[in-house]
Amino acid sequence: YQRRVHGAALKFGDDADVLADRGECYLLLRKPENALQDFTLALELKPHHERASRAFKAVREEIGTRQKAEAHAAIQKAVARLPTVRFERNMFNLDAEDVSSLDAILEILSQYSLVRLRVVGITVNPAKLDLAQKRAEACIDYMVKKGASRDRFESEGRHGKRMATTFEAVVD
């Protein structure tokens, strides 16, 4: 019986209950992205659909956790290969050479839609944390101008052993 119900749900999708059933089928088939689409459609048709709402939240969290782990590894790997974003002494303007590093980070972010990024400006002088913060913000401003959403970023200025700007995946 359950196989027949799930089989029928895979064919028809104009009703919130059917979409919720089909979403559950996709979960059984280990296709969480497809399930998320169906739960989203079910909630558009019936915003207070309890089963679709619970499943939507669980699947989104599962996908988000996986994407964050993948993005964290990809970002760390990409950053390790990229030159450091450098700034002139006491300045926070980006050089043309540095934007290629940021473009590579943007490419990675485009692959992982649920990931946020912390941009960390590091200074060797603890009295210049505000400059480190401005450098991190300059990187974010560039990426926003290239089309990234500002709410995907947070910035931080830190004291460290060498001047640099680093990137970290944010795990909520």
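Residues are numbered from 1 along each chain as its sequence is written, and side-chain values use heavy atoms, with hydrogens and water left out. Because the model is predicted, local features need a pLDDT of at least 70 and side-chain atom pairs count only at pLDDT 80 or more, while totals for chains, interfaces and linings use all residues.

The protein chain has six helices and three strands. Helices (H or I, at least four residues) and strands (E, at least two) are DSSP runs, numbered from the N terminus. Along the sequence their order is α-α-α-α-α-β-α-β-β. The protein chain has 172 residues, of which 38% count as buried; buried means under 20% relative accessible area, exposed over 50%, and partly exposed in between, with a 1.4 Å probe and protein chains only. Contact means heavy atoms within 4.5 Å. Among contacts in the protein chain between residues at least 6 apart in sequence, 66% join residues at least 24 apart.

Two packed helices are described by the angle between their axes and the distance between the axes. The axes of helix 2 (residues 16–28) and helix 3 (residues 32–45) come within 8 Å and cross at roughly 165 degrees. Axes here are lines fitted to C-alpha atoms, for helices over the stretch in contact, and angles run from 0 to 180 degrees between N-to-C directions. Angles under 35 degrees count as roughly parallel, over 145 as roughly antiparallel, 65 to 115 as roughly perpendicular and the rest as oblique. Helix 2 and helix 3 are therefore roughly antiparallel to each other. On the helix 2 side the residues that meet helix 3 include A16, L19 and Y26, and on the helix 3 side they include P32, D38 and L45.

D38 is found in helix 3 and is buried, with a relative accessible area of 4%. Not counting residues up to four places away in sequence, D38 touches L19, R22, G23 and Y26. The loop between helix 2 and helix 3 holds R30, which is exposed, with a relative accessible area of 75%. Phi of R30 is near 60 degrees, a positive value in a residue other than glycine. Most residues other than glycine have a negative phi.

Further along, V115 lies in the loop between helix 5 (99–111) and strand 1 (116–123). V115 is buried, with a relative accessible area of 1%. From V115 to A71 the separation is 44 residues in sequence and 7.0 Å in space, C-alpha to C-alpha.

Helix 6 (residues 129–145) has 17 residues and reaches 24 Å from its first C-alpha to its last, close to the 24 Å expected at 1.5 Å a residue. The expected span is 1.5 Å times one less than the number of residues. Buried residues in helix 6 include L131, A132, I140 and M143. R135 also lies in helix 6 and, at 4% relative accessibility, counts as buried. Leaving aside neighbours within four places in sequence, R135 is in contact with F87, E88, R89, N90, M91, F92 and M163. Just after helix 6, G147 takes a positive phi of about 115 degrees.

C25 is buried, with a relative accessible area of 3%, and C139 is buried, with a relative accessible area of 0%. Taking a disulfide as a pair of cysteine sulfur atoms within 2.5 Å, the count comes to zero disulfides.
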